Structure formats: structure tokens, C-alpha cells
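My entries follow in the order I made them.

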Amino acid sequence: MCPVEDVNDLPPNAYSGSTDETLLEAYEPVVFNVHTWLLVEDNDITDPNNPNFPQVGQNEVLESVARLNHSFNKFNIFFKYNGFSVLNDTTLALQINDDNPHPACSIAAYPNFTSYIDARNYINSQSNNPNVVKPNSLNIYVMKEARCFGGMKISATAVSTNQVGMTQNNLTHEMGHLLRLLHTRQGSGSSACETVSRDANNPCDPTLPLQNQPPCFNADIKGDYIVDTAATPSLGANQFPNEYNTGSCEYTGEGEDCQDTPYQIFNEDIINVMGNAYACATNHMTTGQGIKMREYIETAITNSFPLADAEVDVSALYEPYSGSYYNSGPYLPEHTPLFQPGFTYSFLRCYGDYDQPSPYGDTSFSYTNGNILLSIDKYESDYSTITHPNRSAIYIAQLDGYVVNRPRCCYNNNNGFASDGRTVKFHDGVVNNNYTITERDSTAINDPHLINNLENGLYKIEKEYPDGTQTQTVIYKGEGNE
Ligand SMILES: [Zn+2]
């Protein structure tokens, strides 16, 4: 549950109100850095690797960013994991929604908790303090304990969530608010009430009370301002007469809008992430919601709103969040570059002289489409497997169809140690069928004196690597070839 209602604070004319899918599909990918703050109390352990650390850890943070990508990639909105920090601050770690009149939601009952409004105001007062707000990122604050709410939008670039909600729909909901989505129930029962009608040819007269007019259309200027989400009342627990079936996720109530028109609420509305039918909520958002977010993002970037500072280039998705690439010398544990989960990766065999990966913009290397050295599903849960195999380039399926999407960043390093191999000597000095094969074990094939110790002649040297790849080099060993 998220207590703070928002206003439709887009600049005039920034939102078209369109629900046209082709308009939505025309938007190019946009990527935002995401930094997560794990809030713990003043005297709590700070080391997230300590078993007594009272918060979630890196795995959950990675999972939360993956779920954001699962939710928003269909709108070509992407999130780049930009690390996490631990912040020891009891006033932020323990927050309570004391606007809720229930006695269990009062500061009197929980004197060591901070009102969520005070916590929000404090974070917003620290916008230039990098120990509280990460610049050039969207900031996610994960509360140690949150009473009577699950999270909220804090600013144009920050949201909060509880520990459970960060890897569930709650974080998607708050990110929706950050991107200017309102609750689908917005305004219901008030003078801002959205009517059921979807007949745009019969608009309401904004100068007259709705109760004094026959059924009319105002979905574009009331409620959540989005026409393809139905007029919806609150659908939380005990909301008679507005019940829904928690099995079929269909509306079963008999409620009416403020013109006494029976609600027409569909499964798509019940499962919408900006609704409050929590038993049925999914990460679903409509085309109209997607267009509103994209038009807001466009406006924010054009006008250098704070959101624009968190944008990064698409190439950031091709950079590992941890580990480094092997170049030469001994292999070390850190030579495992890891990529964020949430995307469907294919690592395709590529060719070229790249001891380190080629830059994102370098498309001069070749690759073999059918030769996939590693496939990663967007729901892969063993994050240690999401690495970049030698001799491959990275392909991200979620970027399909919008930009010139192709494998990027060919990594083809020949400095590593082969597991075994062979030398093939061609006795006639040309490559033909008159040859002798000598199998070589790992010591022999990696021997730096291998070529020096060969008799003169024409050879093919084949090396097999532990990752299943192979290299072939044809050499002529002659006089002076030391
Ligand atoms: Zn909300």
C-alpha cells in the first residue's frame, strides 16, 4: 500500500492522452541508472556480508532491478544496476504511516519510528549529500521496517519500499508513480471523479457538477487521466459494494460512479499494478500508461528535469557490474565479468583481435548467428552464471526492434591457457592430406617453446580451451624462426 496521492503535474500539453500502440512502439530505448540504499539502524551491522546484517543483500537488489526491467522493458524503459549502499540511520530505517488513523499506526505506539513524511522531507533536504542521495541515479530506499505502508514516491528521482516489496510489484508501483502514473482509483468518490463512459463524442461539461449531467465522458481529464484504464473505485479489503473475485480476478461488485453509472471494470483493471486489488495485482500496465510515462520522460529530458540526470547511454547495459575481463597472465577469481539479471542474453561466437572487448560502437567484428556459446533467460536466478564467455559478443533480446540491435562488445582473447591441443605437420610444405598429427596435453600445448622446439616445416597448431572454443594457427617454421 502506498499512501501518498499524486497530482497530474506534467507541464501543459506534455501528455497527449493517446492509447495508440504504434505511438508507444516508436519510442527508442531509454536507460536509467538505479542505486539502492539498504537502510539499517544506527547501531546495526554495516557489512552486508555479515550473517547478522538485518537487511536484504546484493542478490535481492539485483533481483529488484531485474523485476523493474521485466515490468518496464515493454515500454522500452530500461534500468541499469548501479550498485547499492548501506546507510546507518534509524530515522530512515524505521518509518510509519501515521496518517493512518489505526492505533497501531501512531508514533505513540512506536516512538522509535519516524513519520514517513518527515523521512521523505529529510531525504529531499539531502539532495546534495552523496552519503544519502546518489547523484545521476534513481535512488531506491529499502526500509528495515515500514509500518502501515509499503513504500512511496519520495521525489522525481527517488522512491522507498519495504524489504518484501522491493522484489515484488510494490517497487514497480512506486516506479510507476516516479514516472508520473497515478492510482487507477484516483479521484473516485470526489469531485475529480472519473466517469465510466468511454464515448469521447459525449464529453462532460466541466462547468457543471457531474451529478447534474447525464452520463458523459471525462476519462481524459479526471481520475488517472488515462483512457484505457477503467473508472475504478478503491478495491482494497472490505470495500463493499466494490468486491472482486480473488480467484478469477474479475470485478463482482455493484458499485457506481458519481453519475450512478454501474462500474465496468475488467480483469485488466483488477491486475493493474497501479490499482489496489492487491490479491490479484501483477506488474501489468496499459498502453495508455506506457505512453504517459514515455511522454513524461521525453518532457523531462528535453527540459533537463532532475530525472534526466539519471539517464545513461544504452551502452551501459553492456558493461559488467562486477568483475573484470582477463587480459593476460594468471586467471584470477575476479576475471569473471558479471552482468545484471533480467535480460535475455545470447553470447554469440565472434571473431577479431580483441584482447579486451571491442567498444560498444565498434561493429567491425564478425560473428556467427547460430553459434551461441551461452544463453541466459531473463528469469535466470543463478546470477553467477551471467558472464561473458571468451570469444563471444553480447546480444540483448529486449533491445530488439527499436535500434540497430546486434551483438556488441566482441571479446576474443588468445592469451589464456589451452586445456589441450595438437600440432599438425604437413610433410609436403603445403596444406594437403600428407600430414602427421601430434596430440599435446595442456603442458605441451601451452609451452612457450612449443614452436621453437618444432622441426622446420609447415604446421597447423590447434588449441582447445576450457570453454569449448578452439583456435587454429598455421605457421611456417623455418631458419631463423626462433
Ligand atoms: Zn501508490
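**Layout**

I began with the domains: the C-alpha centres of domain 2 and domain 4 lie 74 Å apart. The division of the chain gives domain 1 (21–181 + 289–296), domain 2 (184–282), domain 3 (317–411) and domain 4 (420–477); these bounds come from an automatic or database domain assignment.

I noted that this is a predicted model, in which local features need pLDDT of at least 70 and side-chain atom pairs count only at pLDDT 80 or more, while totals for chains, interfaces and linings use all residues. Residues are numbered from 1 along each chain as its sequence is written.

I found 8 helices and 17 strands in the chain; these are DSSP runs (helices H or I, at least four residues; strands E, at least two), numbered from the N terminus. The radius of gyration is 29 Å, well over the 23 Å that the globule rule gives for 482 residues, so the chain is more spread out than a compact globule. That radius is taken over C-alpha atoms, and the rule is 2.2 Å times the number of residues to the power 0.38. Along the principal axes, the C-alpha atoms fill a box of roughly 100 × 55 × 45 Å.

I then checked burial: 39% of the 482 residues count as buried. The cut-offs are 20 or more other C-beta atoms within 10 Å of a residue's own for buried, 12 or fewer for exposed, and partly exposed in between, with C-beta atoms placed from the backbone. Among contacts (C-beta atoms, placed from the backbone, within 7 Å) between residues at least 6 apart in sequence, 64% join residues at least 24 apart.

I looked at α5 (residues 169–178), where 10 of 10 residues are buried. Among them are Asn169, His173, Glu174 and His177. The cover over α5 includes α2 (58–72), β5 (138–143), β7 (151–155) and β8 (158–162). After α5 comes Arg180, with a positive phi near 80°.

Leu181 sits in the loop between α5 and α6 (267–270). Is Leu181 buried or exposed? I count Leu181 as buried because 28 other C-beta atoms lie within 10 Å. Beyond its neighbours within four places in sequence, Leu181 is in contact with Gly176, Met274, Gln289, Lys292 and Met293. I also took the C-alpha to C-alpha separation of Leu181 and Leu348, which is 38 Å across 167 residues of sequence.

**Core**

The largest nonpolar core has 92 residues, of which Leu39, Val65, Tyr141, Val142, Tyr345 and Ile394 touch the most other members. Such a core is a set of buried Ala, Val, Leu, Ile, Met, Phe, Trp, Tyr and Cys residues joined through C-beta atoms within 7 Å. Not counting residues up to four places away in sequence, I find Leu39 touching residues that include Leu87, Leu92, Tyr141 and Val142.

I traced an open sheet of 3 strands in the order β4-β3-β6, with parallel pairing. Its edges are β4 (114–115) and β6 (145–147), each with a single partner strand, so one side of each is left without a neighbour in the sheet. Strands pair if DSSP finds at least two bridges between them; β3 (residues 94–96) and β4 are joined by 2. Gln95 stands opposite Thr114 in β4.

I also traced an open antiparallel sheet of 4 strands, in the order β15-β14-β16-β17. β15 (435–440) and β17 (470–477) are its edge strands, each pairing on one side only. Strand β14 (residues 420–426) runs antiparallel to β15 and is joined to it by 6 bridges. The bridge partner of Arg422 in β15 is Glu439.

Conventions
Two residues are in contact if their C-beta atoms, placed from the backbone, lie within 7 Å.
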